[in-house]
Every structure is written in structure tokens, then in C-alpha cells.
Protein chains: 2
Amino acid sequence: MADTSESEHGDRVRQLEADARRSGMRITPHTTTIIQILDESTDHPTAEDIFERARERDPSISSASVYRILNKLEESDLVRRQRLDSDRFRYEIADECRHHLVDLDTGQVIGISDPEIDELKDKIAKRHGYEIVDFRLELFGRKPGGGN
Amino acid sequence: MADTSESEHGDRVRQLEADARRSGMRITPHTTTIIQILDESTDHPTAEDIFERARERDPSISSASVYRILNKLEESDLVRRQRLDSDRFRYEIADECRHHLVDLDTGQVIGISDPEIDELKDKIAKRHGYEIVDFRLELFGRKPGGGN
DNA sequence: TTAATTGCAAATGGTTTGCTTTTGC
DNA sequence: GCAAAAGCAAACCATTTGCAATTAA
């Protein structure tokens with residue numbers, strides 16, 4: 001929500017396409033559409049959200065393709081998927097922050113980044129003698145006086 | 001893994017039954033079986049795990065009942081369910097710690113508790129102006145030289 | 001060229017639900 | 001007695017997959 005000028009969007013899309021191509025994917029029009037949508041979205045969309053947004057630009061796309069493209073992007077570590085509150089996966093570009101605060105009233109997902117989270121992770125890892133591959137902190141709450 | 005003598009197990013089971021009854025559930029033999037299994041399990045079992053363990057004690061139980069009882073216990077806030085690595089829910093008694101370290105080689109789930117996690121949560125909540133209802137930290141990693 | 005991608009429809013698989021019978025309290 | 005719980009089988013529903021046709025590189 002800050003340094004996201006139009007040209008930077010284009011840059012990131014091109015970068016992701018290049019990365020995807022490098023990891024063996026073919027860059028089809030559908031692939032580009034999905035990447036653009038992910039690049040533009042700040043609301044951690046579900047596959048269905050992405051499917052709907054993609055159909056507006058290219059009505060011929062099928063949900064199977066959306067799932068397949070998202071899975072390929074995830075296997076290439078370009079996209080991260082995770083379940084937050086719901087039982088559906090949510091997708092976001094992998095370089096975005098991986099911790100979230102979910103607003104229980106609005107469903108809004110807020111990205112969290114804080115160096116202390118990593119410090120805490122390191123401390124816990126050391127205490128248990130583990131090498132951490134991935135981790136996430138998820139908070140669920142509401143603004144006082146926000147809803148209800 | 002420390003103060004879990006036999007009598008304390010019995011205590012906790014009776015306490016959970018009382019709590020469940022208080023919140024409107026009927027304590028059937030199946031209910032008791034499920035509560036006992038949860039009380040004895042330290043491995044964060046899935047519904048299927050629980051169903052299998054329950055069948056050993058009472059072959060007449062159905063998986064639908066297991067799900068229904070677990071859902072009731074969760075609605076009463078006596079049990080917490082969450083997805084960790086897999087796409088199945090895992091269940092644990094609500095007074096157990098809610099943060100986990102998942103061993104990617106063995107699948108073992110280790111409960112984590114650390115006052116700093118709560119301090120961090122409070123700090124983030126304050127920064128964003130939220131009242132946190134629930135939260136969890138999940139770590140995924142492996143012991144160096146452990147597997148693979 | 002040729003292996004990857006696509007759309008469609010069918011399959012998966014964990015979880016839920018409708019219905020009828022049984023049972024806790 | 002009566003609302004809650006049980007078993008069974010069917011329904012759900014997000015996600016995956018088989019297949020035949022299309023297409024990127």
C-alpha cells in the first residue's frame with residue numbers, strides 16, 4: 001500500500017513471469033492474468049476470488065486452470081498459500097509478509113512484519129534444537145467498537 | 001509430559017465431562033471415550049486418529065459421532081481444532097498450549113509455550129489497535145541430521 | 001515438434017447432514 | 001417424556017485429476 005506505482009507493478013509481474021519461466025512453466029495468457037491479479041491484490045484472495053477476477057479479463061479461463069497455475073507458482077516458491085480463518089486456501093506472492101492479523105468482523109487480512117517475530121522464532125528453534133523451514137504467526141481479533 | 005499421573009488424568013476427564021454437561025451436552029459413553037482419548041493423547045490427533053482409537057474401545061462408534069462430539073466440544077471451548085501441516089483438522093484439549101512446532105521429517109507436533117509469544121501478540125495488537133481473540137504461532141522445521 | 005497447458009466433467013476425500021431409531025436425564 | 005445423540009448413507013464442497021484437444025517455445 002505504499003511503494004506500488006504502476007511501473008513497479010509491471011516490474012514485479014515481469015519478474016514473476018521470468019522466474020516462473022525459469023522454473024519450467026510456460027507463460028500463457030492465463031498465467032499472466034493470474035500473476036497480474038496476484039500482483040494487484042492486497043486482500044489475500046482465495047482461488048475462487050482469483051477465478052472470478054480472472055474471468056472478468058478472460059471469460060474462457062476455467063477454475064481448474066486457476067488451481068493448476070497457482071499450484072505451479074507455489075511449487076516454484078513464487079506464491080505462498082495458506083489457510084487462515086476459512087477452510088479455503090488464500091494466496092499471496094511469496095515476497096509479501098507471511099504473518100497475518102485477521103479482522104473477525106470484516107474478514108480483512110492485514111499483513112504483519114516485525115523483526116521480533118523472527119527473533120522469537122530463532123530463540124524457540126534454538127531451544128528445541130530445530131532448523132526452521134517455515135513459520136507463521138496468525139492473529140484473530142477485532143477493533144474495539146469495530147463491529148457487532 | 002510431566003505432571004500427568006493417573007489420578008490427574010481421571011481428574012481432567014471428570015472436569016471436562018462436567019464442563020461439557022454444563023454447556024448442554026449429554027455425557028454418553030461415546031462422549032466419555034472421546035474425552036478420555038483426547039486426555040491421553042499428546043500427538044494432536046486427527047478426527048480419523050481419534051475414530052480409530054475410539055473403535056478399539058467401542059467398536060460400535062461411528063465416525064459421524066466422532067465428528068459431532070468433537071464439534072460440540074469445540075463449540076463449548078473445551079477442545080481446540082486447527083489445521084497444521086495437513087489438510088485435516090487436529091484436535092487438542094483447549095487448556096493445552098496453542099502454539100506448535102511441526103517436525104517435517106517425523107510429523108511429530110511439539111507444543112510450544114513462551115511468555116514472549118504473548119508479549120509479542122500484545123505488542124502487535126496494540127500497534128494495530130486490535131483486540132485479539134485468538135492467535136497461534138506455527139513453526140515447521142527439522143532436527144539437523146534428523147531425517148533425510 | 002512436442003511436452004506443457006487447457007476446459008470439461010468426473011473423481012477425491014475430509015467433514016457435514018438428513019433421517020430414523022435409541023437414549024440420557 | 002422429550003430433546004439430544006447415534007448409525008448409516010448420502011450430500012457437500014474445495015481441490016485435484018483423466019482425457020482429448022490446443023498451444024508455447
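Asp105(A) is partly exposed, with a relative accessible area of 31%. With a 1.4 Å probe and protein chains only, buried stands for under 20% relative accessible area, exposed for over 50%, and partly exposed for what lies in between. This is a predicted model, so local features need pLDDT of at least 70 and side-chain atom pairs count only at pLDDT 80 or more, while totals for chains, interfaces and linings use all residues. Residues are numbered from 1 along each chain as its sequence is written, chains are lettered from A and ligands numbered from 1 in the order in which they are written, and side-chain values use heavy atoms, leaving out hydrogens and water.

Asp105(A) pairs up with Arg142(A) in a salt bridge, with 3.2 Å between the closest N and O atoms. (The cut-off here: a side-chain nitrogen of Lys or Arg within 4 Å of a carboxyl oxygen of Asp or Glu.) Arg142(A) sits in strand β5 (residues 131-142) of chain A and Asp105(A) in the loop between β3 (99-103) and β4 (109-112), so the bridge ties together parts 37 residues apart in sequence. Helices and strands are DSSP runs numbered from the N terminus, H or I with at least four residues for helices and E with at least two for strands. Arg142(A) counts as partly exposed too, at 29% relative accessibility.

Searching the whole structure turns up 34 salt bridges over all chains. In chain B, Arg57(B) and Glu40(B) form one at 2.7 Å, N to O. Arg57(B) belongs to helix α3 (residues 47-57) and Glu40(B) to helix α2 (residues 29-40), so this pair ties together parts 17 residues apart in sequence. Both ends are partly exposed: Arg57(B) at 41% and Glu40(B) at 45%.

Glu74(B) and Arg81(B) also meet in a salt bridge, at 3.8 Å, N to O. Here Glu74(B) is partly exposed at 26%, and Arg81(B) is partly exposed at 27%. Over in chain A, salt bridges link Arg12(A), Asp39(A), Asp95(A) and Glu96(A) into a network.

## β5 and its partners

What surrounds Arg142(A)'s strand? β5(A) is mostly covered, with nine of its 12 residues buried. β5(A) pairs with β3(A) in the parallel sense over four bridges, where pairing takes at least two DSSP bridges between the strands. In that pairing, Leu101(A) stands opposite Leu139(A).

β5(A) also reaches across to the other chain: 11 bridges join it to strand β5 (residues 131-142) of chain B, and the two run antiparallel. One example is Phe140(A), whose bridge partner in β5(B) is Asp134(B).

## How the two copies relate

Two copies of a chain are related by a rotation about an axis and a shift along it.

## Around DNA strand C

There are 23 residues around DNA strand C, and Arg26(A), His30(A), Ser62(A), Ser65(A) and Tyr67(B) come nearest. A residue is near a molecule or strand if one of its heavy atoms lies within 4 Å of it. Of the atoms of DNA strand C that come within 4 Å of the protein, 64% belong to sugar and phosphate.

Lys72(A) has a side-chain N or O atom 2.8 Å from a phosphate oxygen of DNA strand C, and a polar side-chain atom of Arg88(B) lies 3.3 Å from another phosphate contact point, a phosphate oxygen of DNA strand C. Arg26(B) goes for a base instead: a side-chain N or O atom is 2.8 Å from a base nitrogen. The largest share of the surface near DNA strand C, five residues, comes from α4(A).

## Two positive phi angles

Most residues other than glycine have a negative phi. His44(A) has a positive one, near 55°; it is found in the loop between α2 (29-40) and α3 (47-57) of chain A and is buried at 9%. Asp77(A) has a positive phi of about 60°. Asp77(A) lies in the loop between α4 and β1 (79-83) of chain A and counts as exposed, at 61% relative accessibility.

Technical notes
A polar contact is a pair of N or O atoms within 3.5 Å; within protein, one must be able to donate a hydrogen and the other to accept it, and residues adjacent in sequence count only if both atoms are side-chain atoms.
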